Amino acid sequence: MKVKIIILIAFLAISGQATTATADLSLEKYLLFKDDKMKKDLLIAYVIGMGEAIKYTHAMMDSYAVKAGKRSVPLFCSPGKITIRNEDYFTMLNREIKTNRNEYANDAPIALILVSGFKNTFPCK
């Protein structure tokens, strides 16, 4: 956990967002950073962290709904017990950016774009 916090702080300092007290990474900065060798490792940690958070939020929402005896509206509908690997987060994110780039402003947070990537990769029928 300490390592993740240190990586996030370093990433915020490098990205210039530390002064805004937000952990959002914009689409514009993502596109700049993904080809920057100095920032790429931090970017990888950030995207994997966002992907894991989205995946676990989805699972928790479903679990809480079942416990409450209610039906939840899922973020996405993965087909059964699928394993989502770290590289899958980048595949979903990059596909979403390529396919729907005109729908996102340069300051759109990539976390939001990644949620859309999950929804479009695993749509509910």
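Start by colouring the predicted model by pLDDT. Confidence is lowest in helix H1, residues 2-15, with a mean of 53. Confidence is highest in H4, with a mean of 96. Now select residues 17-21. There the pLDDT falls below 50. Beyond near neighbours in sequence, this stretch has 9 contacts in the model. Where pLDDT is low, predicted coordinates should not be read in detail. For the chain, the mean pLDDT is 81, and 76% of the residues reach 70 or more.

**The whole chain**

Switch to a cartoon view. What does the secondary structure come to? There are 5 helices and 0 strands. Along the sequence the pattern reads α-α-α-α-α. The chain has 125 residues, and 32% of them are buried. Show the surface next. Now turn to contacts between residues at least 6 apart in sequence. Of these, 62% join residues at least 24 apart.

**The core**

Which residues touch the most other members of the largest nonpolar core? Select Tyr-30, Val-47, Leu-93 and Phe-118. This core holds 23 residues. H2 (27-33), H3, H4 and H5 each supply at least two of its residues. In soluble globular proteins, nonpolar side chains tend to be buried together.

Stay on Val-47 and show its neighbours. Leaving out residues up to four places away in sequence, Val-47 touches Tyr-30, Tyr-89, Phe-90, Leu-93, Ile-110 and Leu-114. Two core residues named above, Tyr-30 and Leu-93, are included in that list.

**Helix H5**

Select residues 110-121, which form H5. Does the helix have the span its length predicts, or another one? At 1.5 Å a residue, its 12 residues should span 16 Å, and the end C-alpha atoms are 16 Å apart, so the two agree.

Now show the side chains of H5. Which of its residues are buried? They are Ile-110, Ala-111, Ile-113, Leu-114, Ser-116, Gly-117 and Phe-118. An α-helix has 3.6 residues a turn, so residues three or four places apart point the same way. Keep Ile-110 and Leu-114 in view: both are touched by Val-47.

**The disulfide**

Select Cys-77 and Cys-124. A disulfide joins them, with the sulfur atoms 1.9 Å apart. Cys-77 sits in the loop between H3 (40-67) and H4 (86-100), while Cys-124 sits in the segment after H5, so the pair ties together parts that are 47 residues apart in sequence. The count for the model is 1 disulfide. Look along the S-S bond: the angle about it is 90°, and the link is right-handed. A disulfide is a covalent bond between the sulfur atoms of two cysteines.

Are these cysteines buried or partly exposed? Cys-77 is partly exposed, at a relative accessible area of 30%. Cys-124 is also partly exposed, at 40%.

**Around the link**

Select Pro-123 next. Pro-123 lies in the segment after H5. Its relative accessible area is 43%, so Pro-123 counts as partly exposed.

Finish at Ser-78, in the loop between H3 and H4. Ser-78 is partly exposed, with a relative accessible area of 27%. Draw one last distance, to Thr-121. The C-alpha atoms are separated by 8.4 Å, and the residues are 43 apart along the chain.

How values were computed
Residues are numbered from 1 along each chain as its sequence is written. This is a predicted model: local features need pLDDT of at least 70, side-chain atom pairs count only at pLDDT 80 or more; totals for chains, interfaces and linings use all residues. Side-chain values use heavy atoms; hydrogens and water are left out. Helices (H or I, at least four residues) and strands (E, at least two) are DSSP runs, numbered from the N terminus. Buried means under 20% relative accessible area, exposed over 50%, partly exposed in between (1.4 Å probe, protein chains only). Contact means heavy atoms within 4.5 Å. The expected span of a helix is 1.5 Å times one less than its number of residues. A disulfide is a pair of cysteine sulfur atoms within 2.5 Å. pLDDT is the predictor's confidence in each residue, from 0 to 100. A nonpolar core is a set of buried Ala, Val, Leu, Ile, Met, Phe, Trp, Tyr and Cys residues joined through side-chain atoms within 4.5 Å.
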